[in-house]
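Please read it alongside the sequence and the structure.

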Amino acid sequence: MTLVKKEVEGLLKRLGASACGNLAVHTPIDGSQIGSVSIASPADIESSIAASHDVFLEWRTVPAPRRGELVRLFGNALRDHKDSLARLVTIDCGKPLSEGLGEVQEMIDICDFAVGLSRQLHGLTIASERPGHRMMEQWHPLGPTLVISAFNFPVAVWAWNAALALVCGNSVIWKPSEKTPLTALAVQAIFEQAVRAFGDAPEHLSQVVQGGRDVGATLVADPRIALISATGSTAMGRTVGQVAAGRFARSILELGGNNAAIISDKADVALALRGVLFSAFGTTGQRCTSLRRLFVHDSLYDSFVPALKAAAASMPIGDPLDSAHLAGPLIDEAALTAMQAALEEAKALGGILSGGERLPGNGVYVRPAVVEMAAQVGPVLRETFAPILYVMRYTDLDAAIALQNAVGAGLSSSIFSTDVRECERFLSASGSDCGIANVNIGTSGAEIGGAFGGEKETGGGRESGSDAWKAYMRRATNTINYSNELPLAQGVTFDL
Ligand code: NAD
């Protein structure tokens with residue numbers, strides 16, 4: 001038995017979870033098998049949905065601040081298990097331990113946010129045009145919420161959704177990525193600790209249903225699922241979005257990104273370089289917000305790009321459990337194949353490649369790739385989920401912004417500039433068309449307080465902070481007549 005497998009078994013045992021079943025789970029750290037989980041059968045899926053539907057009918061009547069108490073307890077349980085869960089995140093998906101810890105911290109942060117929210121699910125009071133009448137809005141629980149998550153944020157994405165869904169009065173079903181199913185088992189065990197501490201929470205409030213796209217598709221199609229929050233590739237979202245729309249279900253789609261940054265001639269260059277390195281090559285380029293395209297002002301290009309290449313070439317890469325390494329492995333061999341195909345295509349289009357080679361050892365470790373491109377063509381126009389940064393020159397800011405916007409995805413973007421006019425231009429209605437537009441920070445590493453999501457082929461969904469909670473509830477408009485008359489709106493008469 002490998003050391004990693006032993007550690008996983010120990011971690012799961014301490015959490016009261018066990019991993020056995022018909023789907024083998026491998027760690028990208030060295031490719032070894034670390035456990036297995038049970039893929040849900042059609043009968044399992046049916047009973048999970050039925051239970052989720054029943055429990056929703058009960059949970060929706062529990063006062064929202066009391067629902068918040070469960071999420072508060074869950075946040076505390078996560079604090080107790082932060083180190084163990086973070087190690088498991090790193091083992092399951094291969095991100096460095098500091099990012100595993102950050103991901104669990106993000107879960108704790110969204111729990112805190114949701115607890116506050118549980119006392120602030122406010123509706124409006126609206127002036128009625130009719131005498132003796134009052135109008136108001138109420139926000140009511142929506143129904144069973146399905147969370148489909150991707151491998152690269154195996155726990156935080158679920159928490160963004162589940163914490164909000166639970167305080168909003170919904171039940172939750174989680175279909176984690178088949179590439180990272182162990183962390184879901186651990187989170188479920190921690191959640192059940194919170195349920196026990198809460199005392200009278202109904203059973204099956206949050207359930208995990210394991211499996212691949214077939215299992216996901218069965219869940220998406222079921223009319224008892226009121227809301228589908230799906231995170232993953234644009235290809236997945238295109239299918240899921242259509243099925244959801246076909247039965248008028250609510251959906252939150254959080255899909256692929258092809259994120260860009262602009263390095264102005266007025267940038268703080270040292271800061272820009274650091275920002276670019278983390279965004280492009282941190283997490284091995286496997287964030288939806290990873291930086292993939294860079295527009296560098298012509299006057300800086302010949303000094304900035306060599307410095308970028310040198311920094312990328314010297315980045316320590318290896319076992320993500322070792323804090324000396326800033327990036328771990330790609331998730332699997334298929335990710336490497338996609339990376340190599342994109343690099344070959346870029347070279348055939350005249351791209352000048354530096355880096356990108358596979359590093360020796362078990363697990364799929366690669367050197368980050370910087371590709372100088374004369375134009376935005378071929379693979380530059382799409383997301384390849386790997387550490388590839390395409391670099392292009394620009395002279396005119398408006399042209400650079402237009403190029404930045406000229407791709408299918410619309411998730412994240414940034415400008416590095418100390419010129420307030422340039423920055424405001426970038427943030428304006430005619431600037432970046434993305435859901436996230438930053439100034440003097442990279443494209444990745446969002447905080448939970450803002451609404452997270454992107455436009456166009458990124459799916460248009462928003463989750464996490466701000467008023468994203470409204471997607472998890474249904475709005476009812478109420479008109480109350482406290483007079484003895486029955487006036488109709490717009491002066492309409494109907495007198496018998
Ligand atoms: P993926 O699309 O292969 O899988 C994501 C999830 O969708 C998995 O749980 C998978 O089983 C499920 N799935 C796939 N097809 C399905 C179908 N037809 N019906 C129901 N479920 C289905 O993505 P991945 O490789 O795990 O993750 C990488 C992708 O996710 C990238 O494109 C990345 O940009 C994106 N992503 C987006 C965000 C965001 O918030 N916008 C966050 C993280 C990852």
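## Domains and their contact

The C-alpha centres of domain 1 and domain 2 lie 31 Å apart. Domain 1 comprises 41–122 + 137–255 + 459–477, and domain 2 comprises 259–439, as the domain assignment of the protein chain gives them; such bounds come from an automatic or database domain assignment. This is a predicted model, in which local features need pLDDT of at least 70 and side-chain atom pairs count only at pLDDT 80 or more, while totals for chains, interfaces and linings use all residues. Residues are numbered from 1 along each chain as its sequence is written.

Between the two domains, 11 residues of domain 1 are in contact with 12 residues of domain 2, where contact requires that the C-beta atoms of two residues, placed from the backbone, lie within 7 Å. On the side of domain 1 that touches domain 2, the elements giving two or more residues are helix H4 (82–93) and helix H5 (97–117), and H5 supplies the largest share, 3 residues. Helices (H or I, at least four residues) and strands (E, at least two) are DSSP runs numbered from the N terminus. By class, this side of domain 1 has 4 nonpolar, 4 polar and 3 charged residues, with Ala, Val, Leu, Ile, Met, Phe, Trp, Tyr, Cys and Pro counted as nonpolar, Asp, Glu, Lys and Arg as charged, and the others, Gly among them, as polar.

## Confidence and annotation

The protein chain averages a pLDDT of 97, and 100% of the residues score at least 70; pLDDT is the predictor's confidence in each residue, from 0 to 100. The model scores ipTM 0.98 and pTM 0.97.

An unreviewed UniProt entry places the feature "domain: Aldehyde dehydrogenase" at residues 22–475; UniProt positions are given in the numbering used here, feature names are shortened, and annotations may be inferred rather than shown by experiment. Over residues 22–475 the chain is 40% helix and 19% strand, with its end C-alpha atoms 42 Å apart.

## Nonpolar cores

A nonpolar core is a set of buried Ala, Val, Leu, Ile, Met, Phe, Trp, Tyr and Cys residues joined through C-beta atoms within 7 Å. A residue is buried if 20 or more other C-beta atoms lie within 10 Å of its own, exposed if 12 or fewer, and partly exposed in between, with C-beta atoms placed from the backbone. Of the 138 residues in the largest nonpolar core, Ala 114, Ala 163 and Leu 294 touch the most other members. Helix H6 (residues 156–167) gives the most to this core, contributing 11 residues, and the core draws at least three residues from each of domain 1 and domain 2.

Leaving aside its neighbours within four places in sequence, Ala 163 is in contact with Val 71, Ile 110, Cys 111 and Ala 114.

## The annotated site and Phe 151

The "active site" feature is placed by UniProt, in an unreviewed entry, at Glu 254, a residue found in strand S9 (residues 250–254). Glu 254 is buried, because 30 other C-beta atoms lie within 10 Å. Not counting residues up to four places away in sequence, Glu 254 touches Thr 231, Gly 453, Gly 459, Gly 461 and Glu 463.

Phe 151 has its place in the loop between strand S5 (145–148) and H6, and is buried, with 22 other C-beta atoms within 10 Å. Beyond residues up to four places away in sequence, Phe 151 touches Cys 93, Ser 177, Lys 179, Thr 180 and Ile 331. Phe 151 and Arg 287 are 136 residues apart in sequence, and their C-alpha atoms are 9.9 Å apart in space.

## Loop residues

Thr 283, in the loop between helix H10 (269–281) and strand S11 (291–297), has a positive phi of about 55 degrees although it is not a glycine. Thr 283 is buried, with 25 other C-beta atoms within 10 Å.

Asn 440, in the loop between strand S17 (436–439) and strand S18 (451–452), likewise is not a glycine and has a positive phi, of about 60 degrees; Asn 440 is partly exposed, with 15 other C-beta atoms within 10 Å. Glu 447 also lies in the loop between S17 and S18, and is exposed, with 10 other C-beta atoms within 10 Å. The C-alpha atoms of Glu 447 and Asp 109, 338 residues apart along the chain, are separated by 9.0 Å.
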